[in-house]
Amino acid sequence: MNPPVLSVRDLRVWYGTARGAVRAVDGVSFDLTPGETLGLVGESGCGKSTLGRGLMGLLPEGTAIDGEIHYEDRDLLALPPKQQRSVRGPDIAMIFQEPMTRLDPLMRIDDHFAETLKTHEPDLSAQEIRTRSLEALGGMGIPPTRFRQYPHEFSGGMRQRIMIALALVLRPRVVIADEPTTALDVLVEAQILGILADLRRNFDTALLLITHNLGIVAEACDRVAVMYAGRIVEEGSSRDVFREPQHPYTQALLGSIISLSTTELRSIPGAPPDLSMPPPGCRFHPRCDQAMVVCADREPIEERPLPGRRVSCWRYGPDEEIPPGGTEPLVREEIAVADEA
Amino acid sequence: MRTKREEDTPLLDVRDLTTHFSLRGSFGGRLIGRDAGSVKAVDGVSFQLHHGEVLGLVGESGSGKTTLGRTILRLADATGGSIRLDGEEIAHLSESAFRPYRRRMQIVFQDPHASLNPAMDLLTAVGHPLVIHGLVKDKAALRVAVGDALERVGLAPVERFFDKYPSDLSGGQKQRAVLARAIILGPELLVADEPVSMLDMSVRAKILELMLKLKDELDLTYLYITHDLATAKFFCDRIAIMYLGRIVEIGPTASIFADPKHPYTVSLLRAIPDPDPDRTVPRDLPRGEVPDAVQPPLGCSFHPRCPRAFGRCGWESRDLADLFERRWTAMAEADYEHERATVGDLARIEAATTAATVPAGRGRTGEDVLELLATIRDADAAEPFWSGVREMTANGDHVDVTFTDGEDPSLRAAGDVEVACHLYEGATSA
Amino acid sequence: MASQLETPPVPSSPQELDDLAPMQRRRLGALRRMWAPMHDAKGMPKAIVWVGIGITVAFILMAIFATQIAPYAFDQYKTAEGVRFIKQQAPSAQHLFGTNVMSTDVLSRVIFGSRTAIEVVLLSLFVSMGIGLPLGLISGYHGGKLDRTLLVFMDAMLAFPSLLFAIVIAFLLSKTFGHGVVTAALAISIVYVPQYFRVVRNHVISIREESYVEAARAMGARPWTIMRRYVLQNVIQNVPIIATLNAADAILTLAALGFLGYGIQPTEAAEWGYDIQRAISDAGAGIWWTGLFPGLAIVLLVTGLTLVGEGLNDVLNPVIRKRPIEPVELPPREGAEAEPEPGDEDQT
């Protein structure tokens, strides 16, 4: 196996609010290897977007971040901010959700590219800049005849493709895409996924795809990490996780998806917890139909029940850590109708 | 109980409905020198909706599905055509004449976070329709009615929810409140505009379940507007696929999914992300994007993107411009520069005309352009565009290209569905 | 989604609120919702508002109780016995701020001047809001020709230098209404109508396309109901801020009018601007008290109002409001690779 290009250990991002700290990301670890796409999936409030921004250093004021982000054997969080920026800049790129608002409406497309390239590779000649830009755009299906147009002259899907081209023109090693297709139509979404799929093949770029859409994860990602309440509860190859989900939340989540083969509606009772006061023990236990006594008491320890799979759930042990009687089914509080999402 | 008459008359009968938004008054439009024109958001739509049915309007953005829903509720003005509610014509009534009809049709919007007045608590907000129509005598009666509605949508115990403001509620709870407000007048028709697309996956099932329950309990008829074919398949009895202001295919859900006919429907189905790990990203998607609704493509509006288009589909000059663009996007820069120089001002072929005049570049002749076109054709003779080209002749400094006559397909029967596509020559037009 | 990170509006303990009767609960709830940002605000913005409020209230009290507080009437130039005051007398026991060239007591004139100022400003606020708000509401909601016409009209008014405009209007109105409080107030109010119009209109336009407004239409609400309950209620938050800042500006305009001689006649009421104008010639002679005190009064009141306005803006405006951020204390990690933290750290 290739050594990972990005290695995150125990990342925590806590926001300060008047009510106390909100533990948006509370101990997340994963690896990204070159050429691989990792899908980070979860519902709203699970912390996935915060995680993406934390990796990019784009957190708002008053946020505390802790843990290790290893990029090419340097811990980014241990570096002073200026050095962090110089490492992140050209090598770790981000694609945002709303392409409409991320392009400067007063700059032509070619100027956008020129600015990006000149900032990070100042030795390029004008011709080289043009060639690289057209190449990046062409790869995204943007015709060279429109190189000198303004962002508003393009549709939403094309703007997103321009954003991706901008992110890739510097040939970064890691791309973090935060809900890149949520605002787009299904056909455009499929086009963009196709482009992202080609990416990992042709450039060996590692892609972290953050989304709530399990469908695109299944199609476009090699591996998937499922997040709930600030933690990764399950991680493995997407094929395996979708076929045989181990964690009760993953099972329930997959069960609730409405796809072309759905015959019956299933949902998860209750609502995600308030992250300023998460429930004790396993954060999913109030909603879990397989919860045991120990789940309400102690936080689960990560186990590897299958090759290549990580799960944080007491159902998979380790048995020696479970106190006697801990495996009894948990009598949960009835979830009040008023607490339903 | 319904009378025989009600059984026969569709609840909603829409004929040739058009909603055009004129651009004339737009200051921005005048500023950038755009001609007065109009956005043909809904461009001739006809369908019937029967009591107790769920009809899905499926399409991407720009298809006009949301505008159609709003026009039926008179939130946008129809520029032509007719809408009959239970046999009564409502499309062109004045606002005050129409007001009583509003009790019979309500709408649920897409964004739960924007559908509730931030300055009203739930008791006031959900009860306001009753107050407006003078249906409650006093505060006590209001509380009873609102309590009943909130109970139905699962916001219980209702006492706790009366005083809550929208900012106190989650997305799913807000959507429930919106449903409560929509049903409190006892409507017959509910237009649901993407009611679950902004909710989390696990919450969608809850809200759809609720909507089904309400349908049964309250005898509702739904017009379900969405871009998500998966939820449409589950929820709807019949489905209408919309593209650029028109219905291109309409029929029973099972038939549409089992045997999609229109090429657009086919590609939509293939593009749905499916959490089945054995699927891969679909490759042969229609190219390009939804075109501008101000000047839709001539003939069949889907023809520029259709993998199965042919001579009759309505080819035009803009298709030639697209052809050049596609070719040049995939070329190396040097080759692109070389070919680009052969052709002159591209703006001359960016027109919606049935004949194209391709000017030659500086120092080139019409012959050069003709040669280029021939090269392009030889490179990919299977490209649908060429089946629409009748003749290309070089004349001095330009090339004249004429296209075969195109025709805008109307909905015609094909099996138990109706399709607007030349591939299906039905017996009669719908 | 976002609600996780926002401060819950009210109340701090649901239980105690649940105990109240429903109607009380709701009214209290609404008040506390509006007041909540003030609770959260800490430090500078809060201090600013309170200082501003303090100053403004002091002046208002002065205005209300002017007859009780002031030692003499504003145009009194002799004692009860008929002895004429010494003119231009320096501050002394009988005349704490001295007397001016007309032998009237400066302190009394300052105090009565505050009454004039407050009266004029209140009246003009009332009139300009009364005209500007509804016009902005209707214009923004209906759009079309009415909106375009009004916009051009209001923009033209805004383009005029406000002082010149006020002078012209004061001059025109003085023929009918004389040179008193009413004229000054009306002149000033017309100058500020376009501001309220614009602020309200722009905000209305930005929310008129919101789903909840459309939902109101779908319900069958009449336009006036929609404007009142769905649009206005959501637009009104900006108005107090604009009002206080306009009030501050109005004081200055009034003083300027008085200074230039187009304002309130000295026989009608005491007015700071007029006093300053009369004090110009005194300055050369070393008589400082006739100009300083009215001038100070203007500065103080305007500052007070501005502080209230800016402070309210900092506190209420959600765009620039700074939430009080507790510094986040992360408890130390336990070891390395993917090990969970101990389950029971304390909350901050």
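User: Let's begin with chain C. How many helices and strands are there in chain C?
Analyst: Chain C has 13 helices and zero strands. Helices here are DSSP runs of H or I with at least four residues, strands are runs of E with at least two, and both are numbered from the N terminus. Bear in mind that this is a predicted model: local features need pLDDT of at least 70, side-chain atom pairs count only at pLDDT 80 or more, and totals for chains, interfaces and linings use all residues. Residues are numbered from 1 along each chain as its sequence is written, while chains are lettered from A and ligands numbered from 1 in the order in which they are written.

User: And what share of chain C is buried?
Analyst: Of its 348 residues, 39% are buried. A residue is buried if 20 or more other C-beta atoms lie within 10 Å of its own, exposed if 12 or fewer, and partly exposed in between, with C-beta atoms placed from the backbone.

User: OK, chain A now. What's the strand order in the open sheet of eight strands?
Analyst: The order is β6-β7-β8-β3-β9-β10-β12-β11 in chain A, and the pairing is mixed. β6 (92–95) and β11 (302–303) of chain A each have a single partner strand, so one side of each has no neighbour in the sheet. For pairing, DSSP has to find at least two bridges between two strands.

User: How many bridges join β11(A) to β12 of chain A?
Analyst: Two, and β11(A) runs antiparallel to β12 (residues 310–312) of chain A. E303(A) has V311(A) in β12(A) as its bridge partner.

User: Switching to α7 of chain A. How far does that helix reach?
Analyst: α7(A) covers residues 186–203, which is 18 residues, and reaches 26 Å from first C-alpha to last, close to the 26 Å expected. The expected span is 1.5 Å times one less than the number of residues. After the helix comes D204(A), with a positive phi near 60°.

User: Which residues of α7(A) are buried?
Analyst: Among them are V186(A), L187(A), V188(A), L196(A) and L199(A). The buried residues of α7(A) pack against α6 (156–168), β8 (206–211) and α8 (214–220) of chain A, together with α12 (263–271) of chain B.

User: How many residues does each side put into the contact between chains A and B?
Analyst: Chain A gives 50 residues and chain B gives 47, where contact means C-beta atoms, placed from the backbone, within 7 Å. α7(A) gives the most to chain A's side, with eight residues. That side of chain A splits into 26 nonpolar, 17 polar and seven charged residues. Ala, Val, Leu, Ile, Met, Phe, Trp, Tyr, Cys and Pro count as nonpolar, Asp, Glu, Lys and Arg as charged, and the others, Gly among them, as polar.

User: Where is confidence lowest in chain B?
Analyst: In helix α1 (residues 4–8) of chain B, with a mean of 58, whereas strand β9 (residues 238–243) of chain B is highest at 96. Those values are pLDDT, the predictor's confidence in each residue, from 0 to 100. Chain B averages 87, and 92% of the residues score at least 70.

User: Which strands does β1 of chain B pair with?
Analyst: β1(B) (residues 12–22) is joined antiparallel to β2 (residues 38–49) of chain B by nine bridges, and H20(B) stands opposite K40(B). β1(B) also pairs antiparallel with β4 (residues 80–85) of chain B over five bridges, where T18(B) stands opposite G80(B).

Technical notes. Contact = placed C-beta atoms within 7 Å.
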